[in-house]
Amino acid sequence: MKVLSKAKLEAALNKLSDRNEVFVPMQKGQQSGYFTWKSFENGQDELMLDALNVYQSPKNAVLPQTEKMYSIKSQGVEVNIDQTYEDAHPTIIFGARGCDVKGIIAMDDVFLTRGYEDSFYKARRSGNTIIANACYEPGANCFCNAMEVNSLEPVGADVILRDAGDGYVWEVKSDKGEAVTALIADLLEEKEAKLPEVKPFIQKVDYSGVAEKLKSMFDHPLWDKLSQPCINCGMCTYVCPSCYCFDIQVKMWGEEGYRFRAWDSCMFEEYSREAGGGNPRGASKERFRQRFLHKLEFFKERYGTPLCTGCGRCIIVCPTDINIVRIIDAVKEAEINA
Amino acid sequence: MKEITNKVQAIAAKLFEEGKIDVFLAWEKGELNFKTKSYVARNALDVKNIVFDEYSIYNVSNSLLKFRDSHERIGIAVKGCDSRGIVRLLEDLQIKRDRLYIVGIPCPGMKDPLAAARNHGGFSKKQEEDGLAKKCLDCIQPNPVIYDELVGPEQSPRQQGDRFARVKEIEQMSADERYKFWEDTFSTCIRCYACRQVCVACDCRTCIFDEMKPQWVGRENSSTDNMMYHLVKHSHMAGRCIECGECERVCPVNIPLMLLNRKLIKDVGTLFGGPEAGMQYVEGSKPPLSVYRENDPDSFL
Ligand code: SF4
Ligand code: SF4
Ligand code: SF4
Ligand code: SF4
Ligand code: SF4
């Protein structure tokens, strides 16, 4: 098998960065997330490939939190699009866990299928290669196995890395994977490596039947109770690898300006406010319910797979201990009085 | 703390039985030892779920915001910082005093469940310290300032030294240095607005950041919009921030928000004097910058 020895990891990242923007998991000052290898500062930043995961997911690489779409110039009553910014520059997400790969594959469904292709997303994704990092030891809040993710064989990865102690086994999975492999071919060695033992999942989650059951639970009293502590901050949606909601806004200075899109969150009151001022999800509970129904029911209905990938991030960061695993349990246990 | 829990439970049960309250706001235990979260008890049977333990850090006065438009009579257990939040809501006429039965708990200092969750979650390579939370080490008012009943022995403030020391250091910087400092500090903000949502003093019904026509502050993650968000949010807190530290505690990217809050506390103290925000409740009183008088100095206009 092909192996990238850890001693050559930095050399490989340097080499890949010649022609690609390479996003790697890092602890960067107070932040923990995917940042470009070029921004890595020796002695200050820490590479987190050997940690379970980082707080900010890699979705930023294909759906930046703020993305300029096109610039505008107006002359009198005429408004002209000056330039569009479809960005297909080559990027590599290096070391994404299976849950985060699934997040991107789910976004592919949203932005590239069902009759409409989002050209901005399509451009970024066309230049993007995913190098996944297989998980042998799930963490305390991981439950990807219950959410149709195989953490050892992430679907959609172009290369899969397997941490074999002093090196990464390098498994090519696609043509894109072949192409990036060619860039560092001289750093890879052909040898045998011993793979780690696969540890069991700590979280036990049973998602089966949940999407179907939720169909008749829109008005169930459980939402009142479950949503009570939630303060509708957007933290859970912003750290989530698969939440993709955005808003399109404009910045103008006199006659010139540009449109951009920016992440938005169903947890925000303003997100569902209508032009006339009404809001179908004005109450905190309604926004809370939307988040979980979208994750666990609506997405499954439309795309055949849940939108939660089981990464466990929202469970860790939520200031009021809202735990999606407990919500799945509560739905399973709920009684439905027709 | 078991004793305090028992007492609070007994008080809540009695209030329910006597028909004096419809809900009781406090904390409950989550599935793991460090998971203590806000809780709403709705009847005498729920009371057994109420706890007060070393992780009851969440500022429950924030939970009152969900009840401001309804008529329930509310029992609520508060620590020192939480009680200051209640004063803020009373001053802002968000809730009526006679709807509340306040059980004050002098606070021995709390640990941070979020830090514990991060340690437990395995995303970081270094473990965070599991002692008292930073906000509790900086606490100047562990004893409730407003209550109908007090449970447990008085505590002394834990804050040591000059709490404005770091603020003063930053004041010494040149304007350019200072600008750079704040620009860097806010550049990592992901604009999740958790610092706003967790804040009891952020009780405006329509927040300026949610206004779309006109849109006062853009949604870009750029230094301009990030700075605008923070400068506006924090200046709205001038004279209102009760120093509960919740914003800084919940921030997912660890932005030192209390630094700016303390700068404003210091400035408001110097310019207007008087007790700090939420330190005492006098019916009808308003914090500085919340009143308008004909003879206000307006030399800057
Ligand atoms: S949720 Fe699954 S894929 Fe993600 S880090 Fe945990 S074990 Fe790995
Ligand atoms: S579930 Fe938690 S993180 Fe998400 S909006 Fe509610 S309080 Fe914030
Ligand atoms: S909902 Fe939570 S656990 Fe599921 S993918 Fe999003 S952040 Fe991860
Ligand atoms: S909680 Fe932190 S990241 Fe979120 S908006 Fe506030 S400062 Fe920014
Ligand atoms: S600004 Fe922060 S410290 Fe001040 S009251 Fe709000 S949450 Fe508490």
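Six bridges join strand 1 (residues 23–29) of chain B to strand 2 of chain B, and the two run antiparallel. Strands here are DSSP runs (E, at least two residues), helices are DSSP runs of H or I with at least four residues, and both are numbered from the N terminus. Two strands count as paired if DSSP finds at least two bridges between them. Welcome to a short tour of a predicted model, in which local features need pLDDT of at least 70, side-chain atom pairs count only at pLDDT 80 or more, and totals for chains, interfaces and linings use all residues. Residues are numbered from 1 along each chain as its sequence is written, chains are lettered from A and ligands numbered from 1 in the order in which they are written, and side-chain values use heavy atoms, with hydrogens and water left out.

**The hairpin in chain B**

- A hairpin of six residues links strand 1 of chain B to strand 2 of chain B.
- Across this pairing, B:Lys29 stands opposite B:Thr36, which belongs to strand 2 of chain B.
- Strand 2 (residues 36–41) of chain B is largely enclosed by the rest of the structure, because six of its six residues are buried. Buried means under 20% relative accessible area, exposed means over 50%, and partly exposed lies in between (1.4 Å probe, protein chains only).
- As background, side chains in a regular strand alternate between the two faces of the sheet.

**Overall build of the two chains**

- Chain A has ten helices and 13 strands. Its radius of gyration is 21 Å, close to the 20 Å that the globule rule gives for 338 residues, so chain A is as compact as a globular protein of that length.
- The radius of gyration is taken over C-alpha atoms, and the globule rule is 2.2 Å times the number of residues to the power 0.38.
- The C-alpha atoms of chain A fill a box of roughly 60 × 60 × 40 Å along the principal axes, and 58% of the 338 residues in chain A are buried.
- In chain B you will find ten helices and six strands. With a radius of gyration of 20 Å, close to the 19 Å from the globule rule for 301 residues, chain B is as compact as a globular protein of that length.
- For chain B, the C-alpha box along the principal axes is roughly 60 × 55 × 40 Å, and 55% of the 301 residues count as buried.

**Salt bridges**

- Over all chains, the structure contains 61 salt bridges. Each is a side-chain nitrogen of Lys or Arg within 4 Å of a carboxyl oxygen of Asp or Glu.
- In chain B, B:Asp138 forms a salt bridge with B:Lys134 (3.7 Å, N to O). B:Asp138 also forms one with B:Arg262, where the closest N and O atoms are 3.8 Å apart.
- B:Asp138 sits in the loop between helix 4 (134–137) and strand 6 (149–150) of chain B, and B:Arg262 in helix 10 of chain B, so this pair ties together parts that are 124 residues apart in sequence.
- B:Asp138 is partly exposed at 23% relative accessible area, whereas B:Arg262 is buried at 10%.
- A network of salt bridges links B:Lys134, B:Asp138, B:Arg163, B:Glu243, B:Glu248, B:Arg262 and B:Glu276.
- In chain A, A:Glu171 and A:Lys173 form a salt bridge, with the closest N and O atoms 3.4 Å apart. A:Glu171 is partly exposed at 24% relative accessible area, and A:Lys173 is partly exposed at 42%.

**A nonpolar patch on chain B**

- B:Leu271, B:Phe272 and B:Leu289 make a nonpolar surface patch of about 340 Å².
- Patches are made of residues with over 30% relative accessible area and no salt bridge, joining like charges within 9 Å and nonpolar side chains (Val, Leu, Ile, Met, Phe, Trp, Tyr) within 5 Å. Accessible areas come from the Shrake-Rupley method with a 1.4 Å probe, and for residues only the protein chains shown count as cover.
- B:Phe272 lies in helix 10 (residues 257–272) of chain B and is partly exposed at 46% relative accessibility.

**Cysteines**

- The structure holds zero disulfides over all chains, a disulfide being a pair of cysteine sulfur atoms within 2.5 Å.
- A:Cys230 is buried at 6% relative accessibility, and A:Cys240 is buried at 9%.
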